[in-house]
Every structure is written in C-alpha cells, then in structure tokens.
Amino acid sequence: MMTLRRRLAIAVVALLVIISAAFVAVFLTQRGHAVNQLDERLAGLSANTRALVAISGRAEAGTGGAAELLTDVYVGIHRADGGLRTVLTPDSDPALVPALLGNEQDAGAVTRGTSAGVTERVRLVEAFLGGQRYAVVALSMAGVEAQSRQLASALGLALLAVAAVVLMAGYWGDRLGLRPIADLTAAAEQ
C-alpha cells in the first residue's frame, strides 16, 4: 500500500516534470518561430536570384537604394567547380564566408557554419542562378542564438523558482499536514 507521503512526493515530481516539459516546448516553439522568420526572409531574397545578385553588386559598391536593405545579407555565387565568389557581405561581418557542404542546391533553407568571419553559423539558401551557377544567400544566426540563450536562461530561472515553490509547499504540507497524522496513527497503533 502506498503511503500518503509517497503519493505527495510522486505528485510533486510529476508536476515538476510536466512544467519542465512545458518550458521545453515553449523554448522549441520560440526558436522554431525565429528560424522560420529567417527562412521567410531568405525565401523573399532568393525569389529572383539574378536581380538579387545585380542589386547586391550595386549595394557592395555603395550605389543604389538597396545598400540599406541588404546590410545584414551575404550573397555569393557558387560555381560548378565548387568555388564561391562573394558578391556582398554583411556590414557587421565583412569577412563572412559560409562553409558549404555541397548538398545545399535547391535544398531549401539550411543551417551551416562559416569558414571565415566572426559569425559562427548562418541560415542559407542556394538557388539556381543560370548555367552551372547558384546564388548563395545567407543570414546570420547570431540573433536567433542570442534570443535562444536569453530565453533558455529565463526559463531555467523560472523553473528553479517554480521548483522551489513546489518543494516548499510539499515540505510544509508534509510538516503541517502529514506528519501530525503519521504521529497520531503511530500513537494509535501502539
């Protein structure tokens, strides 16, 4: 037979597990939403790759109105021989070069590391440009990762606070409610 104290302990653990699962779901949902926003922006940018490459060339040269719209975008041309020619780099990371694995062509948005620059990871699309060339359009994942770290910290602190409150309530429930009953039961049995 399971004691009331054991049932209370199981209920407290179950509650903490459910709350933890809810926090993980919130974290994954928010991160997924932030990545989807990057993907939507990449889809818009890569919808007309020839125009994007032409505008990027003008933006890199500092001419045209596109310079202000593409300040955080990497644009390159990936040739059939595997070479990657940079057309435009983000203002915040002029040395940025995505590390391509060779399977990005028409694969949709993918996350890749970088081979140069301060940005560690980018979300990129490689879209057909013409001939045997593909346009590589990339956006930094730094904002998404910073937002994810901040959310994980906030949720971790909230989980610790909830756990402390639940454990304190369990302790007081045991001390003020269950222990006197257990003492009374033991005295009655004697």
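D81 forms a salt bridge with R79, and their closest N and O atoms are 3.6 Å apart. A salt bridge here is a side-chain nitrogen of Lys or Arg within 4 Å of a carboxyl oxygen of Asp or Glu. This is a predicted model, in which local features need pLDDT of at least 70 and side-chain atom pairs count only at pLDDT 80 or more, while totals for chains, interfaces and linings use all residues. Residues are numbered from 1 along each chain as its sequence is written, and side-chain values use heavy atoms, with hydrogens and water left out.

**Salt bridges**

Side chains of opposite charge can pair when their charged atoms come close.

| Pair | N to O distance |
|---|---|
| D81 and R79 | 3.6 Å |
| R41 and D72 | 2.7 Å |
| E104 and R112 | 2.8 Å |

The salt bridge of R41 and D72 joins R41 in helix α1 (residues 4-45) to D72 in the loop between α3 (66-69) and β1, so the pair ties together parts that are 31 residues apart in sequence. Helices (H or I, at least four residues) and strands (E, at least two) are DSSP runs, numbered from the N terminus.

The surroundings of these residues can be described by relative accessible area: buried means under 20%, exposed over 50%, and partly exposed in between, with a 1.4 Å probe and protein chains only. R41 is partly exposed at 31%, and D72 is partly exposed at 33%. D81 is exposed at 62%, whereas R79 is partly exposed at 34%. In the remaining pair of the table, E104 is buried at 0% and R112 is buried at 13%.

**Strand β1**

Strand β1 comprises residues 73-78, and six of its six residues are buried. Both faces of the strand are covered: V73, V75 and I77 lie on one side, with Y74, G76 and H78 on the other.

Two strands pair if DSSP finds at least two bridges between them. β1 pairs with strand β6 (residues 133-140) in the antiparallel sense over six bridges, and Y74 stands opposite A138 in β6. β1 also pairs with strand β2 (residues 84-88), again in the antiparallel sense, over four bridges. Within this pairing, R85 in β2 is the bridge partner of I77. The hairpin of β1 and β2 has five residues between the strands, and G82 takes a positive phi near 95° there.
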